[in-house]
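Please look over the sequence and the 3D structure below. The briefing after them goes through the model topic by topic.

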Number of protein chains: 4
Amino acid sequence: MGKSATASRGSKARRPRRAMAAEGPRAGRRAERRQAILAAALQEFSACGFAAARLDDVADAAGIAKGTIYLYFRDKEALFQDLIRSEMSPVVATLETALALDLPVRAVAERAVEVFVREVYGTSRKDIIRLIISEGPRFPQLADFYYREVLSRIIAAVRALLARALERGELRSDAIIRFPQLLGAPGIVAIIWNGLFERHDPLDVRALMRAHLDLLFGEGRAK
Amino acid sequence: MGKSATASRGSKARRPRRAMAAEGPRAGRRAERRQAILAAALQEFSACGFAAARLDDVADAAGIAKGTIYLYFRDKEALFQDLIRSEMSPVVATLETALALDLPVRAVAERAVEVFVREVYGTSRKDIIRLIISEGPRFPQLADFYYREVLSRIIAAVRALLARALERGELRSDAIIRFPQLLGAPGIVAIIWNGLFERHDPLDVRALMRAHLDLLFGEGRAK
Amino acid sequence: MGKSATASRGSKARRPRRAMAAEGPRAGRRAERRQAILAAALQEFSACGFAAARLDDVADAAGIAKGTIYLYFRDKEALFQDLIRSEMSPVVATLETALALDLPVRAVAERAVEVFVREVYGTSRKDIIRLIISEGPRFPQLADFYYREVLSRIIAAVRALLARALERGELRSDAIIRFPQLLGAPGIVAIIWNGLFERHDPLDVRALMRAHLDLLFGEGRAK
Amino acid sequence: MGKSATASRGSKARRPRRAMAAEGPRAGRRAERRQAILAAALQEFSACGFAAARLDDVADAAGIAKGTIYLYFRDKEALFQDLIRSEMSPVVATLETALALDLPVRAVAERAVEVFVREVYGTSRKDIIRLIISEGPRFPQLADFYYREVLSRIIAAVRALLARALERGELRSDAIIRFPQLLGAPGIVAIIWNGLFERHDPLDVRALMRAHLDLLFGEGRAK
DNA sequence: GATGAATGAGGGTTCATTCAT
DNA sequence: TATGAATGAACCCTCATTCAT
């Protein structure tokens with residue numbers, strides 16, 4: 001991630017407090033470490049929750065010393081919040097793009113399902129969502145951020161899509177426009193189910209979400 | 001003496017606090033206190049999560065001394081699990097009853113929505129469900145219990161209801177029979193939304209769930 | 001999360017504090033601290049017994065923070081056991097050497113008495129023995145260790161010595177070969193007496209043990 | 001123990017603060033309970049030591065409620081000290097009598113051994129001695145009491161016996177007069193051994209003590 | 001920068017002691 | 001007198017955070 005080459009500085013110069021990640025071999029190394037810590041943090045926070053996760057274990061998993069974490073993050077909470085923030089943003093654009101396609105709703109919806117399954121449910125972002133659900137109530141800033149940067153944007157895109165569909169007569173009712181949450185509900189439920197009951201009763205997410213689309217739009221296949 | 005198995009301390013089976021539950025003035029007082037502790041615990045666990053909740057605060061909220069908790073619960077975890085178990089069981093029967101009514105699906109579904117809104121969403125049981133979602137992954141026993149005693153029973157009742165409906169031609173498709181989770185999805189989403197985004201964008205649960213029913217069964221009103 | 005086995009917390013094998021013991025400036029400092037803690041622990045455990053000793057006081061006496069103890073010892077019990085083990089082992093070799101000398105029994109015995117008085121009775125090892133006597137019944141592992149690493153080796157050395165003496169006709173009877181404990185008995189009694197009645201009736205250990213040897217071997221002086 | 005019959009009082013009379021255990025059915029019951037508590041306390045203190053013994057367990061073992069203990073003993077320490085005091089006194093007289101017999105030392109010594117084995121080693125008094133050894137250093141009053149009421153009296157009796165023996169030429173030396181502790185040493189060692197190493201290497205006390213007498217007085221049998 | 005030893009506040013749990021019944 | 005529920009101080013242990021190297 002961004003490991004471009006810059007002029008290596010004369011080795012005696014006082015190192016310049018890193019004003020803003022000027023790209024250099026140093027900056028590259030720095031970004032790598034940051035990523036390693038975030039990855040380890042995701043692992044630990046997912047497994048234990050915020051309060052019970054131990055920075056000791058994060059450091060171990062990242063292959064660094066405990067103190068080093070504090071060179072990259074102010075404290076445990078900053079690490080946690082940065083983690084959440086950094087993971088979700090990228091997927092939004094992809095979803096927005098998928099939802100903006102000028103196709104029949106059903107087709108768009110199926111693509112969005114694909115994106116969700118591939119980019120969220122099938123990756124560690126699923127765990128990020130779980131963390132937001134679990135810890136969000138204790139971290140209002142986080143919920144705020146998530147609402148502002150992720151949810152509201154997706155909801156807006158969904159609303160636009162559905163408005164188009166309504167005009168074209170592709171929608172049975174306006175219920176889902178008033179409550180676009182309903183479109184994402186099976187995704188949320190799948191993530192929760194996966195965390196709690198997978199071993200009692202495994203769930204086929206894709207099938208679940210397709211079934212949901214069938215209910216919303218009728219049985220017709222699209223694409 | 002802690003966890004290592006070396007220091008021998010004759011294995012005095014911890015005497016089982018209260019074998020008898022003969023109703024007496026004592027038993028009444030006891031049950032009251034137990035309830036007070038559970039109520040306080042719900043408050044604390046909901047607010048902080050299991051790990052971060054402090055028994056000191058539970059005691060304060062219950063108006064008792066810290067040590068008293070241990071007269072009623074073996075330890076923090078037992079308190080937590082007892083809390084979950086004791087709160088959820090009662091509602092199951094009510095839901096089962098509602099779902100067993102021999103009426104059109106839509107009518108039954110609306111009644112179930114009512115039960116949910118009144119008995120779960122409108123009460124602290126909503127917080128219990130949040131706790132199960134948040135802490136369940138770290139307490140497999142809890143998830144097991146919840147699946148066995150609550151979910152599987154409700155799902156069975158839902159399936160029975162839907163099978164009846166299918167025979168009568170009241171169902172557009174069998175999708176929801178294959179994934180009865182879809183029926184509960186809006187409830188779950190509402191609870192989560194309530195915890196995270198209520199202040200950005202309040203949600204009318206009843207309307208949300210009605211809208212969902214409209215999507216599933218068509219716009220027709222029932223009852 | 002304590003003792004119950006329910007809350008799952010991935011079994012992160014506690015990383016083994018210090019694998020390497022390569023002598024460095026760090027290792028030296030480390031060993032010093034360890035010794036300081038052990039010395040403080042001896043003081044506290046001797047004064048209060050295992051159960052009543054407070055790690056807070058150990059830390060104070062060692063001039064460190066409470067938490068630091070746990071960087072060197074797993075828990076209170078490990079500290080206790082390590083203390084016992086580390087203090088007693090060194091003296092065994094010295095005693096074995098003294099007992100293996102090819103001299104008349106009486107002479108050897110007198111040297112052993114000297115070793116005991118100088119290396120045990122006159123040092124804090126006396127307190128270690130008191131601790132073994134007091135706490136051993138509650139710490140079978142400790143009694144086992146002590147029997148295996150200390151007592152049985154001394155007894156074997158004593159038996160060898162006495163067997164030689166018996167052949168040479170230096171022994172009045174074989175009684176003491178059957179019960180080599182009798183040779184050490186005055187040492188034990190002296191330690192106990194010292195702890196209990198020193199202020200009522202001080203005891204001259206050396207004289208006591210010499211008198212005992214007189215009884216066992218006759219009045220003859222040796223050396 | 002002292003269950004004599006007195007006039008039972010009219011049941012309305014204010015109970016008279018029990019000035020001094022006036023013998024009555026009440027007093028008898030009281031003494032019984034006291035004994036039960038002491039017996040239970042001996043069990044617990046022996047098994048766990050003073051600090052680790054729990055009054056809860058004492059109460060359970062005595063078949064009474066925890067609070068009741070405080071009707072008979074001021075606090076945990078008083079219970080402990082009363083326990084030690086009450087158990088040892090009786091045996092002193094017996095030993096004094098045995099030691100005062102006008103027989104050859106060896107014979108007297110053998111009788112004393114018998115008394116010890118029967119009245120101490122074979123009974124729970126052995127545990128009392130263990131407790132004095134273990135806890136005495138932390139309870140100076142106890143050591144004082146024990147020295148005054150038990151040890152000094154036995155030592156005096158032993159000295160008198162040995163003085164007689166010396167006059168009659170039954171003694172090889174005066175060593176044992178100077179250190180009468182030597183006579184009891186095997187008893188002490190046996191008690192300690194029993195607590196620590198019995199399962200590694202069981203000990204025949206009687207044989208041990210006889211062997212010791214052989215060493216002190218020569219092989220001759222007596223009686 | 002990186003390290004990891006050290007810190008010490010904090011929280012779960014125990015248990016001697018009290019007191020209302 | 002007897003009870004046993006209730007108390008709360010005390011203590012072990014953890015872990016986020018700091019800082020000398």
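Residues are numbered from 1 along each chain as its sequence is written, while chains are lettered from A and ligands numbered from 1 in the order in which they are written.

**Confidence in chain A**

- The pLDDT, which is the predictor's confidence in each residue from 0 to 100, averages 87 over chain A, and 87% of the residues score at least 70.
- Residues 1–21 of chain A have a pLDDT below 50. Beyond near neighbours in sequence, this stretch has ten contacts in the model, where two residues are in contact if their C-beta atoms, placed from the backbone, lie within 7 Å.
- Where pLDDT is low, the predicted coordinates should not be read in detail.

**Chains C and D**

- Chain C is superposed on chain D by a rotation of 179° with 0.0 Å of shift along its axis, at an RMSD of 0.2 Å.
- C:Ser134 has the C-alpha nearest the axis in chain C, at 2.2 Å from it.
- Both copies use the same surface, as 100% of the contact residues of chain C recur in chain D.
- In the contact, 35 residues of chain C meet 35 residues of chain D.
- On the side of chain C that touches chain D, at least two residues come from each of α1 (25–52), α6 (125–135), α7 (140–167), α8 (175–178), α9 (181–197) and α10 (205–217). Helices (H or I, at least four residues) and strands (E, at least two) are DSSP runs, numbered from the N terminus.
- α9(C) gives the most to this side, with eleven residues.
- By class, this side of chain C has 23 nonpolar, eight polar and four charged residues. Ala, Val, Leu, Ile, Met, Phe, Trp, Tyr, Cys and Pro count as nonpolar, Asp, Glu, Lys and Arg as charged, and the others, Gly among them, as polar.

**Two helix contacts**

- In chain B, helix α5 (residues 105–121) packs against helix α6 (residues 125–135) at an angle of about 85°, with their axes 7 Å apart. Axes are lines fitted to C-alpha atoms, for helices over the stretch in contact, and angles run from 0 to 180 degrees between N-to-C directions.
- α5(B) and α6(B) are therefore roughly perpendicular to each other, a term for angles of 65 to 115 degrees.
- B:Glu119, B:Val120 and B:Tyr121 of α5(B) meet B:Arg125, B:Lys126 and B:Ile129 of α6(B).
- This contact has three nonpolar, no polar and three charged residues.
- In chain D, the axes of helix α4 (residues 76–100) and helix α7 (residues 140–167) come within 10 Å and cross at roughly 5°.
- α4(D) and α7(D) are therefore roughly parallel to each other, a term for angles under 35 degrees.
- The contact of α4(D) with α7(D) has 14 nonpolar, three polar and four charged residues.

**Around the DNA strands**

- DNA strand F is surrounded by 35 residues, with A:Asp75 and B:Ala65 among the closest. A residue is near a strand if its C-beta atom, placed from the backbone, lies within 6 Å of it.
- The largest share of the surface near DNA strand F comes from α3(B), with four residues.
- The residues of that surface divide into eleven nonpolar, seven polar and 17 charged.
- DNA strand E is surrounded by 32 residues, with A:Gly67 and B:Asp75 among the closest.
- α3(B) gives the most to the surface near DNA strand E, with three residues.

Terms used
Predicted model: local features only at pLDDT ≥ 70, side-chain atom pairs only at ≥ 80, totals over all residues. Parallel < 35°, antiparallel > 145°, perpendicular 65-115°, else oblique. Least-squares fit on C-alpha atoms with pLDDT ≥ 70 in both.
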